[in-house]
Amino acid sequence: MIAAVALDLGTTAIKAGLLSQDGTLSSIVVRPAPEIVADGGRYESDALAYAQAADVVLAECLAQTDSRQLLGLCSQRSSFLLWERVSGKPVTPLISWQDDRGKESCAALREHEGVIRKLAGLPLTPYYLAPKLRALLQGQPAWRERLLSGEWLLGTLDTFLIWRWTGGERYLTDVSMAARTLLMDIHGRRWSPELCGLFDIPLQALPQIGPSTGLGIPLNNGLVLQASMGDQSAALVASIPAGQPEALVNLGTGGFVVCYLPEGRSAPDGYLQTLVWQDGARRAYLACEGTLNSIAAALAPYPAAMCRVEELACDDIFCLAEPSGLGAPYFRSDLGVTFSAPVGHLPPQRVAGLLLEGIIFRVARILEDFQRECGIRRACLSGGLSGLECLQQGIALCAPFPIQRLVQAEAGLVGAARLAAGMDGTYGRAAANIEVPQFPSGLPGKYGRWKAWLDGVLRNRAPGQAERING
(Lines give C-alpha, C1' and ligand atoms only; values in the text may rest on other atoms or scores of the structure.)
Protein backbone atom coordinates (compact mmCIF):
# COMPACT_ATOMS: atom_id res chain seq x y z
CA MET A 1 0.00 0.00 0.00
CA ILE A 2 1.25 3.47 -0.92
CA ALA A 3 1.80 5.84 2.01
CA ALA A 4 2.97 8.97 0.15
CA VAL A 5 4.23 10.39 -3.13
CA ALA A 6 7.41 12.47 -3.38
CA LEU A 7 8.52 15.04 -5.95
CA ASP A 8 12.08 16.40 -6.11
CA LEU A 9 12.58 19.66 -8.03
CA GLY A 10 16.29 19.40 -8.79
CA THR A 11 18.64 21.61 -10.76
CA THR A 12 19.44 19.06 -13.46
CA ALA A 13 16.65 16.49 -12.97
CA ILE A 14 13.06 16.28 -11.77
CA LYS A 15 12.15 13.07 -9.93
CA ALA A 16 9.08 11.46 -8.41
CA GLY A 17 8.52 8.22 -6.52
CA LEU A 18 6.00 6.24 -4.47
CA LEU A 19 6.66 5.36 -0.83
CA SER A 20 5.16 2.16 0.53
CA GLN A 21 3.99 1.58 4.07
CA ASP A 22 7.19 -0.31 4.86
CA GLY A 23 9.23 2.81 4.08
CA THR A 24 10.67 1.76 0.71
CA LEU A 25 10.61 3.91 -2.43
CA SER A 26 9.58 2.54 -5.81
CA SER A 27 8.15 3.50 -9.23
CA ILE A 28 10.73 6.29 -9.58
CA VAL A 29 10.33 8.56 -12.60
CA VAL A 30 13.23 10.80 -13.65
CA ARG A 31 13.26 13.43 -16.38
CA PRO A 32 15.86 16.11 -17.15
CA ALA A 33 15.07 19.61 -15.97
CA PRO A 34 14.94 22.31 -18.66
CA GLU A 35 18.40 23.35 -19.79
CA ILE A 36 20.03 26.16 -17.84
CA VAL A 37 21.57 28.77 -20.11
CA ALA A 38 24.70 30.39 -18.68
CA ASP A 39 25.64 33.79 -20.06
CA GLY A 40 28.02 36.23 -18.41
CA GLY A 41 27.25 35.12 -14.86
CA ARG A 42 23.53 34.65 -15.53
CA TYR A 43 22.10 31.16 -15.07
CA GLU A 44 18.52 30.96 -16.31
CA SER A 45 15.99 28.42 -17.55
CA ASP A 46 12.39 28.44 -18.76
CA ALA A 47 10.25 28.63 -15.60
CA LEU A 48 7.00 27.56 -17.25
CA ALA A 49 8.71 24.65 -19.00
CA TYR A 50 10.07 23.59 -15.62
CA ALA A 51 6.61 23.66 -14.03
CA GLN A 52 5.13 21.71 -16.92
CA ALA A 53 7.92 19.14 -16.76
CA ALA A 54 7.29 18.71 -13.03
CA ASP A 55 3.59 18.09 -13.75
CA VAL A 56 4.49 15.46 -16.34
CA VAL A 57 6.89 13.64 -14.00
CA LEU A 58 4.33 13.63 -11.20
CA ALA A 59 1.57 12.41 -13.53
CA GLU A 60 3.75 9.56 -14.86
CA CYS A 61 4.50 8.48 -11.30
CA LEU A 62 0.85 8.66 -10.23
CA ALA A 63 -0.18 6.61 -13.26
CA GLN A 64 1.41 3.64 -11.49
CA THR A 65 -1.09 3.74 -8.60
CA ASP A 66 -4.87 4.03 -8.37
CA SER A 67 -4.94 5.97 -5.13
CA ARG A 68 -4.35 9.64 -4.45
CA GLN A 69 -2.02 10.18 -1.57
CA LEU A 70 -0.12 12.62 0.55
CA LEU A 71 2.61 14.53 -1.28
CA GLY A 72 6.09 15.33 0.00
CA LEU A 73 7.86 18.04 -1.99
CA CYS A 74 11.53 19.00 -1.93
CA SER A 75 13.00 21.80 -4.00
CA GLN A 76 16.31 23.25 -5.10
CA ARG A 77 17.01 26.15 -2.79
CA SER A 78 17.39 29.82 -3.79
CA SER A 79 16.29 29.51 -7.45
CA PHE A 80 13.33 31.88 -7.99
CA LEU A 81 11.12 33.75 -10.44
CA LEU A 82 8.48 36.47 -10.75
CA TRP A 83 5.07 35.79 -12.33
CA GLU A 84 1.72 37.46 -13.09
CA ARG A 85 -1.00 36.84 -10.53
CA VAL A 86 -3.90 36.84 -13.01
CA SER A 87 -2.44 34.72 -15.80
CA GLY A 88 0.19 32.72 -13.90
CA LYS A 89 2.63 33.55 -16.70
CA PRO A 90 6.26 33.95 -15.60
CA VAL A 91 7.68 37.41 -16.23
CA THR A 92 11.25 36.32 -15.55
CA PRO A 93 13.09 33.11 -16.30
CA LEU A 94 13.78 30.74 -13.44
CA ILE A 95 16.89 32.39 -12.01
CA SER A 96 19.18 29.66 -10.71
CA TRP A 97 20.90 29.59 -7.36
CA GLN A 98 24.11 29.48 -9.44
CA ASP A 99 23.42 32.94 -10.91
CA ASP A 100 25.92 35.53 -9.66
CA ARG A 101 24.35 38.83 -10.69
CA GLY A 102 23.95 39.60 -6.99
CA LYS A 103 27.70 40.28 -6.64
CA GLU A 104 27.25 44.06 -6.74
CA SER A 105 24.55 43.83 -4.07
CA CYS A 106 26.93 41.95 -1.81
CA ALA A 107 29.69 44.48 -2.38
CA ALA A 108 27.32 47.35 -1.59
CA LEU A 109 26.13 45.73 1.66
CA ARG A 110 29.48 44.41 2.90
CA GLU A 111 29.52 46.73 5.93
CA HIS A 112 26.23 45.15 7.07
CA GLU A 113 27.48 41.56 6.76
CA GLY A 114 27.64 41.05 10.52
CA VAL A 115 23.99 42.02 10.98
CA ILE A 116 22.94 39.86 8.04
CA ARG A 117 24.78 36.83 9.37
CA LYS A 118 23.37 37.33 12.87
CA LEU A 119 19.77 37.52 11.66
CA ALA A 120 19.83 35.08 8.73
CA GLY A 121 22.46 32.62 9.96
CA LEU A 122 24.09 32.87 6.53
CA PRO A 123 26.96 34.79 4.97
CA LEU A 124 26.45 37.55 2.44
CA THR A 125 26.98 35.82 -0.93
CA PRO A 126 25.32 36.01 -4.37
CA TYR A 127 24.05 32.40 -4.13
CA TYR A 128 20.95 33.42 -2.20
CA LEU A 129 17.75 35.04 -3.43
CA ALA A 130 18.00 38.48 -1.81
CA PRO A 131 21.16 39.81 -3.53
CA LYS A 132 19.88 38.72 -6.95
CA LEU A 133 16.39 40.12 -6.39
CA ARG A 134 17.84 43.42 -5.19
CA ALA A 135 19.80 43.68 -8.44
CA LEU A 136 16.69 42.92 -10.51
CA LEU A 137 14.55 45.52 -8.74
CA GLN A 138 17.23 48.18 -8.96
CA GLY A 139 17.57 47.53 -12.68
CA GLN A 140 13.78 47.59 -13.22
CA PRO A 141 12.24 50.11 -10.76
CA ALA A 142 8.69 49.59 -12.12
CA TRP A 143 8.79 45.95 -11.01
CA ARG A 144 8.69 46.98 -7.36
CA GLU A 145 5.32 48.67 -7.81
CA ARG A 146 3.91 45.62 -9.52
CA LEU A 147 5.02 43.46 -6.62
CA LEU A 148 3.67 45.91 -4.05
CA SER A 149 0.30 46.12 -5.82
CA GLY A 150 0.03 42.32 -5.98
CA GLU A 151 -0.05 42.35 -9.78
CA TRP A 152 3.11 40.23 -9.74
CA LEU A 153 4.21 37.54 -7.31
CA LEU A 154 7.65 36.22 -6.48
CA GLY A 155 8.89 32.98 -5.05
CA THR A 156 11.10 29.94 -5.17
CA LEU A 157 10.03 26.88 -7.17
CA ASP A 158 7.97 25.42 -4.33
CA THR A 159 5.98 28.66 -4.01
CA PHE A 160 5.32 28.83 -7.75
CA LEU A 161 4.15 25.23 -8.02
CA ILE A 162 2.01 25.31 -4.88
CA TRP A 163 0.37 28.47 -6.19
CA ARG A 164 -0.34 26.75 -9.53
CA TRP A 165 -1.56 23.52 -7.92
CA THR A 166 -4.05 25.41 -5.72
CA GLY A 167 -5.44 27.63 -8.48
CA GLY A 168 -3.75 30.66 -6.96
CA GLU A 169 -5.30 30.12 -3.52
CA ARG A 170 -2.10 29.42 -1.57
CA TYR A 171 0.95 31.67 -1.78
CA LEU A 172 3.47 30.22 0.64
CA THR A 173 6.85 28.63 1.22
CA ASP A 174 8.16 26.53 4.06
CA VAL A 175 10.56 27.74 6.71
CA SER A 176 13.55 25.78 5.35
CA MET A 177 13.24 27.43 1.94
CA ALA A 178 12.63 30.87 3.42
CA ALA A 179 15.75 30.41 5.54
CA ARG A 180 17.90 30.33 2.38
CA THR A 181 16.80 33.72 1.03
CA LEU A 182 18.80 36.04 3.36
CA LEU A 183 15.45 37.66 4.20
CA MET A 184 14.25 35.48 7.10
CA ASP A 185 15.11 35.92 10.77
CA ILE A 186 16.31 32.38 11.52
CA HIS A 187 15.63 32.86 15.25
CA GLY A 188 12.04 34.14 14.94
CA ARG A 189 11.28 32.13 11.75
CA ARG A 190 9.61 35.11 10.06
CA TRP A 191 10.50 37.63 7.37
CA SER A 192 12.82 40.24 8.83
CA PRO A 193 11.89 43.91 8.28
CA GLU A 194 15.55 44.78 8.87
CA LEU A 195 16.86 42.35 6.26
CA CYS A 196 14.19 43.38 3.75
CA GLY A 197 15.16 47.00 4.35
CA LEU A 198 18.86 46.31 3.80
CA PHE A 199 18.15 44.55 0.50
CA ASP A 200 15.44 47.08 -0.45
CA ILE A 201 12.90 44.31 -1.01
CA PRO A 202 9.23 44.91 -0.11
CA LEU A 203 8.31 42.62 2.77
CA GLN A 204 4.63 42.80 1.77
CA ALA A 205 5.42 41.01 -1.50
CA LEU A 206 6.88 37.91 0.14
CA PRO A 207 4.88 34.67 0.48
CA GLN A 208 3.56 33.32 3.76
CA ILE A 209 6.04 31.17 5.72
CA GLY A 210 4.65 27.83 6.93
CA PRO A 211 6.04 24.75 8.67
CA SER A 212 7.64 21.95 6.68
CA THR A 213 5.16 19.25 7.73
CA GLY A 214 1.51 18.97 8.68
CA LEU A 215 0.45 21.27 5.82
CA GLY A 216 -2.70 19.42 4.71
CA ILE A 217 -3.15 21.50 1.54
CA PRO A 218 -5.53 19.97 -1.06
CA LEU A 219 -4.18 20.25 -4.60
CA ASN A 220 -6.02 20.28 -7.90
CA ASN A 221 -4.29 17.04 -8.98
CA GLY A 222 -6.03 15.11 -6.20
CA LEU A 223 -3.04 14.98 -3.87
CA VAL A 224 -2.72 16.59 -0.45
CA LEU A 225 0.53 18.49 0.10
CA GLN A 226 1.64 17.37 3.54
CA ALA A 227 5.36 18.19 3.58
CA SER A 228 7.55 20.67 1.70
CA MET A 229 11.21 21.61 2.27
CA GLY A 230 14.56 22.27 0.63
CA ASP A 231 16.17 19.34 -1.15
CA GLN A 232 19.20 19.20 1.13
CA SER A 233 16.93 19.28 4.17
CA ALA A 234 15.03 16.30 2.81
CA ALA A 235 18.27 14.41 2.19
CA LEU A 236 19.40 15.06 5.76
CA VAL A 237 16.06 13.93 7.18
CA ALA A 238 16.38 10.63 5.30
CA SER A 239 19.99 10.10 6.32
CA ILE A 240 20.80 11.31 9.84
CA PRO A 241 18.61 11.00 12.96
CA ALA A 242 18.10 14.33 14.69
CA GLY A 243 20.15 14.56 17.87
CA GLN A 244 22.63 11.85 16.89
CA PRO A 245 26.39 12.60 16.74
CA GLU A 246 26.58 11.98 12.98
CA ALA A 247 27.31 14.09 9.91
CA LEU A 248 26.10 13.72 6.33
CA VAL A 249 28.58 14.26 3.49
CA ASN A 250 26.68 14.69 0.23
CA LEU A 251 28.88 14.87 -2.88
CA GLY A 252 27.12 15.63 -6.15
CA THR A 253 27.01 18.71 -8.39
CA GLY A 254 28.35 20.52 -5.36
CA GLY A 255 29.04 19.18 -1.91
CA PHE A 256 27.79 19.80 1.59
CA VAL A 257 28.76 18.45 4.98
CA VAL A 258 26.08 18.90 7.60
CA CYS A 259 25.23 17.84 11.14
CA TYR A 260 22.43 18.73 13.53
CA LEU A 261 23.40 21.40 16.03
CA PRO A 262 23.28 20.44 19.69
CA GLU A 263 20.55 22.20 21.67
CA GLY A 264 21.45 25.81 22.37
CA ARG A 265 24.53 25.84 20.13
CA SER A 266 25.22 28.12 17.16
CA ALA A 267 27.26 27.24 14.08
CA PRO A 268 31.03 27.86 14.40
CA ASP A 269 32.48 30.89 12.63
CA GLY A 270 32.24 30.64 8.86
CA TYR A 271 29.80 27.74 8.79
CA LEU A 272 26.19 28.07 7.74
CA GLN A 273 23.48 27.78 10.36
CA THR A 274 20.79 25.90 8.48
CA LEU A 275 17.16 25.56 9.49
CA VAL A 276 16.57 22.00 8.33
CA TRP A 277 12.83 21.74 8.88
CA GLN A 278 10.01 22.63 11.22
CA ASP A 279 7.30 20.23 12.30
CA GLY A 280 3.60 20.93 12.63
CA ALA A 281 4.08 21.80 16.30
CA ARG A 282 6.53 24.55 15.21
CA ARG A 283 9.59 22.80 16.61
CA ALA A 284 12.59 23.77 14.50
CA TYR A 285 15.61 21.56 13.77
CA LEU A 286 18.87 23.45 13.17
CA ALA A 287 22.09 22.23 11.58
CA CYS A 288 25.64 23.34 10.89
CA GLU A 289 26.75 23.17 7.26
CA GLY A 290 30.00 23.37 5.32
CA THR A 291 29.91 23.58 1.54
CA LEU A 292 32.03 22.69 -1.49
CA ASN A 293 31.18 24.54 -4.69
CA SER A 294 30.78 22.96 -8.17
CA ILE A 295 33.08 20.00 -7.54
CA ALA A 296 31.48 17.89 -10.29
CA ALA A 297 32.34 20.59 -12.83
CA ALA A 298 35.97 20.53 -11.69
CA LEU A 299 36.17 16.75 -12.18
CA ALA A 300 34.16 16.57 -15.41
CA PRO A 301 37.07 16.96 -17.90
CA TYR A 302 39.19 14.31 -16.18
CA PRO A 303 39.04 10.50 -15.74
CA ALA A 304 38.29 10.59 -12.00
CA ALA A 305 36.67 7.14 -12.09
CA MET A 306 40.03 5.61 -13.09
CA CYS A 307 41.85 6.94 -10.01
CA ARG A 308 42.84 4.61 -7.17
CA VAL A 309 43.51 5.70 -3.62
CA GLU A 310 46.95 4.06 -3.55
CA GLU A 311 47.99 6.36 -6.41
CA LEU A 312 47.22 9.52 -4.43
CA ALA A 313 49.75 11.56 -2.45
CA CYS A 314 52.58 10.72 -4.86
CA ASP A 315 53.88 14.30 -4.85
CA ASP A 316 53.57 17.54 -2.91
CA ILE A 317 51.34 19.45 -5.33
CA PHE A 318 48.32 20.76 -3.42
CA CYS A 319 44.91 21.57 -4.87
CA LEU A 320 41.60 23.34 -4.33
CA ALA A 321 38.82 21.92 -6.49
CA GLU A 322 35.96 24.42 -6.45
CA PRO A 323 35.60 26.34 -9.74
CA SER A 324 33.20 28.98 -8.40
CA GLY A 325 35.26 29.70 -5.28
CA LEU A 326 35.70 28.13 -1.86
CA GLY A 327 32.48 27.54 0.04
CA ALA A 328 31.85 27.50 3.79
CA PRO A 329 33.63 28.13 6.06
CA TYR A 330 35.96 30.21 3.86
CA PHE A 331 33.81 31.93 1.22
CA ARG A 332 36.68 32.98 -1.00
CA SER A 333 35.48 33.76 -4.50
CA ASP A 334 39.06 34.55 -5.53
CA LEU A 335 40.13 30.92 -5.03
CA GLY A 336 38.69 28.61 -7.68
CA VAL A 337 40.44 25.52 -9.02
CA THR A 338 43.94 26.20 -7.68
CA PHE A 339 47.18 24.21 -7.75
CA SER A 340 50.32 24.93 -5.78
CA ALA A 341 52.48 24.28 -8.84
CA PRO A 342 52.00 24.07 -12.63
CA VAL A 343 50.14 20.91 -13.77
CA GLY A 344 50.00 21.39 -17.53
CA HIS A 345 52.65 18.70 -18.06
CA LEU A 346 50.82 16.08 -15.96
CA PRO A 347 48.64 13.34 -17.50
CA PRO A 348 44.87 13.85 -17.08
CA GLN A 349 44.54 10.99 -14.57
CA ARG A 350 47.11 12.59 -12.27
CA VAL A 351 45.29 15.93 -12.44
CA ALA A 352 42.09 14.06 -11.58
CA GLY A 353 43.87 12.59 -8.55
CA LEU A 354 44.94 16.04 -7.37
CA LEU A 355 41.36 17.30 -7.69
CA LEU A 356 40.09 14.30 -5.71
CA GLU A 357 42.67 15.04 -3.03
CA GLY A 358 41.38 18.61 -2.84
CA ILE A 359 37.84 17.34 -2.25
CA ILE A 360 38.95 14.69 0.26
CA PHE A 361 40.96 17.19 2.29
CA ARG A 362 38.21 19.82 2.34
CA VAL A 363 35.70 17.22 3.59
CA ALA A 364 38.13 15.90 6.21
CA ARG A 365 38.83 19.37 7.57
CA ILE A 366 35.13 20.14 7.93
CA LEU A 367 34.63 16.83 9.74
CA GLU A 368 37.47 17.71 12.11
CA ASP A 369 35.74 21.00 12.92
CA PHE A 370 32.43 19.20 13.48
CA GLN A 371 34.09 16.70 15.81
CA ARG A 372 35.60 19.50 17.86
CA GLU A 373 32.62 21.87 17.88
CA CYS A 374 29.60 19.54 17.77
CA GLY A 375 30.85 16.20 19.13
CA ILE A 376 30.33 14.32 15.86
CA ARG A 377 31.61 10.73 15.97
CA ARG A 378 30.63 9.29 12.58
CA ALA A 379 29.81 10.44 9.03
CA CYS A 380 27.80 8.99 6.16
CA LEU A 381 28.51 9.60 2.47
CA SER A 382 25.79 10.12 -0.13
CA GLY A 383 25.38 11.64 -3.58
CA GLY A 384 26.57 10.61 -7.04
CA LEU A 385 30.28 11.34 -6.53
CA SER A 386 30.33 9.28 -3.33
CA GLY A 387 30.24 6.22 -5.59
CA LEU A 388 33.87 6.85 -6.55
CA GLU A 389 35.82 4.29 -4.51
CA CYS A 390 38.92 6.48 -4.50
CA LEU A 391 36.94 9.33 -2.94
CA GLN A 392 35.32 7.05 -0.35
CA GLN A 393 38.57 5.49 0.78
CA GLY A 394 40.44 8.79 0.76
CA ILE A 395 37.89 10.37 3.10
CA ALA A 396 38.01 7.26 5.33
CA LEU A 397 41.82 7.57 5.53
CA CYS A 398 41.77 11.26 6.52
CA ALA A 399 38.59 11.64 8.57
CA PRO A 400 38.88 11.61 12.38
CA PHE A 401 36.21 8.92 12.86
CA PRO A 402 34.50 6.02 11.00
CA ILE A 403 32.84 6.66 7.62
CA GLN A 404 29.86 4.84 6.14
CA ARG A 405 28.22 5.11 2.73
CA LEU A 406 24.46 5.26 2.49
CA VAL A 407 23.23 2.70 0.01
CA GLN A 408 19.67 4.01 -0.22
CA ALA A 409 18.96 5.87 -3.43
CA GLU A 410 17.19 9.20 -3.86
CA ALA A 411 17.55 10.49 -0.31
CA GLY A 412 15.66 13.69 -1.10
CA LEU A 413 12.62 11.79 -2.31
CA VAL A 414 12.81 9.42 0.64
CA GLY A 415 13.04 12.21 3.23
CA ALA A 416 10.21 14.26 1.75
CA ALA A 417 7.94 11.22 1.38
CA ARG A 418 8.59 9.88 4.87
CA LEU A 419 7.85 13.22 6.50
CA ALA A 420 4.67 13.49 4.43
CA ALA A 421 3.64 10.03 5.62
CA GLY A 422 4.49 10.80 9.23
CA MET A 423 7.27 8.22 9.37
CA ASP A 424 10.58 8.54 11.17
CA GLY A 425 12.81 10.09 8.53
CA THR A 426 15.57 7.48 8.88
CA TYR A 427 13.29 4.46 9.12
CA GLY A 428 15.00 1.54 7.37
CA ARG A 429 18.21 3.47 6.63
CA ALA A 430 20.81 1.23 4.98
CA ALA A 431 24.52 2.05 5.24
CA ALA A 432 27.73 0.16 4.56
CA ASN A 433 31.04 0.66 6.36
CA ILE A 434 33.93 2.01 4.29
CA GLU A 435 37.02 0.07 5.20
CA VAL A 436 40.25 1.97 5.57
CA PRO A 437 42.75 0.50 3.07
CA GLN A 438 45.21 -1.88 4.75
CA PHE A 439 48.32 -0.63 2.98
CA PRO A 440 50.69 2.21 3.83
CA SER A 441 49.34 5.49 2.50
CA GLY A 442 50.90 8.90 2.36
CA LEU A 443 47.48 10.56 2.15
CA PRO A 444 47.04 11.43 5.87
CA GLY A 445 50.51 12.96 5.93
CA LYS A 446 49.83 14.99 2.78
CA TYR A 447 46.56 16.11 4.33
CA GLY A 448 48.50 17.71 7.19
CA ARG A 449 50.77 19.52 4.72
CA TRP A 450 47.75 20.57 2.62
CA LYS A 451 46.19 22.23 5.69
CA ALA A 452 49.34 24.28 6.21
CA TRP A 453 49.38 25.22 2.51
CA LEU A 454 45.72 26.24 2.54
CA ASP A 455 46.19 28.35 5.65
CA GLY A 456 48.98 30.15 3.83
CA VAL A 457 46.83 30.72 0.75
CA LEU A 458 44.00 32.07 2.89
CA ARG A 459 46.42 34.54 4.47
CA ASN A 460 46.93 35.99 0.98
CA ARG A 461 50.24 34.53 -0.01
CA ALA A 462 52.26 36.58 -2.44
CA PRO A 463 51.35 36.23 -6.15
CA GLY A 464 53.09 33.41 -7.91
CA GLN A 465 52.89 30.94 -5.04
CA ALA A 466 49.69 29.41 -6.34
CA GLU A 467 48.48 28.81 -9.87
CA ARG A 468 44.74 29.28 -10.48
CA ILE A 469 43.03 27.35 -13.27
CA ASN A 470 39.52 28.58 -14.01
CA GLY A 471 37.04 25.73 -14.34
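## Helix α12, tucked away

Let's start with helix α12 (residues 389–398): nine of its 10 residues are buried, so the rest of the structure largely encloses this helix. Here, "buried" means under 20% relative accessible area, "exposed" means over 50%, and "partly exposed" is in between, using a 1.4 Å probe and protein chains only. Helices (H or I, at least four residues) and strands (E, at least two) are DSSP runs, numbered from the N terminus. The buried residues of α12 include C390, L391, I395 and L397. Their cover includes β16 (246–251), α11 (348–374), β22 (378–382), β23 (403–406) and α14 (443–458).

Keep in mind that this is a predicted model, where local features need pLDDT of at least 70, side-chain atom pairs count only at pLDDT 80 or more, and totals for chains, interfaces and linings use all residues. Residues are numbered from 1 along each chain as its sequence is written, and side-chain values use heavy atoms, leaving out hydrogens and water.

## Two nonpolar cores

A nonpolar core is a set of buried Ala, Val, Leu, Ile, Met, Phe, Trp, Tyr and Cys residues joined through side-chain atoms within 4.5 Å. The largest one here has 75 residues, and L7, L9, L71, L182, L183 and F199 have the most contacts inside it. Helix α1 (residues 47–62) is the top contributor, giving eight residues. Apart from this core lies another, with 64 residues, including L251, V343, L385 and L397.

What does L7 touch, leaving aside neighbours within four places in sequence? Its contacts (heavy atoms within 4.5 Å) include I14, A54, L71, W165 and L413.

## Aromatic rings and a strand pair

The structure has 10 aromatic pairs. Rings of Phe, Tyr and Trp (its six-membered ring) pair if their centres lie within 6.5 Å; planes under 30 degrees apart are stacked, over 60 edge-to-face, and the rest tilted. W143 and W152 are an edge-to-face pair, because their ring centres are 5.5 Å apart and their planes sit at 65 degrees. Both partners are buried: W143 has 17% relative accessibility, and W152 has a relative accessible area of 6%.

W83 belongs to an aromatic cluster with F160, W163 and Y171. Strand β7 (residues 80–84) has four of its five residues buried, so the rest of the structure largely encloses this strand. Five bridges join β7 to β9 (residues 152–156), and the two run antiparallel. Strands pair if DSSP finds at least two bridges between them. W83 has L153 as its bridge partner in β9.

Which bond joins A328 and P329? That one is a cis peptide bond, with omega about 10 degrees. P329 sits in the loop between β20 (319–321) and β21 (337–339).

L182 has a positive phi of about 70 degrees, although this residue is not a glycine. L182 is in the loop between α7 (175–178) and β11 (184–185), and is buried, with a relative accessible area of 0%. R189, also not a glycine, has a positive phi near 55 degrees. R189 lies in the loop between β11 and β12 (190–191). Is R189 buried or partly exposed? Its relative accessible area is 28%, so R189 counts as partly exposed.
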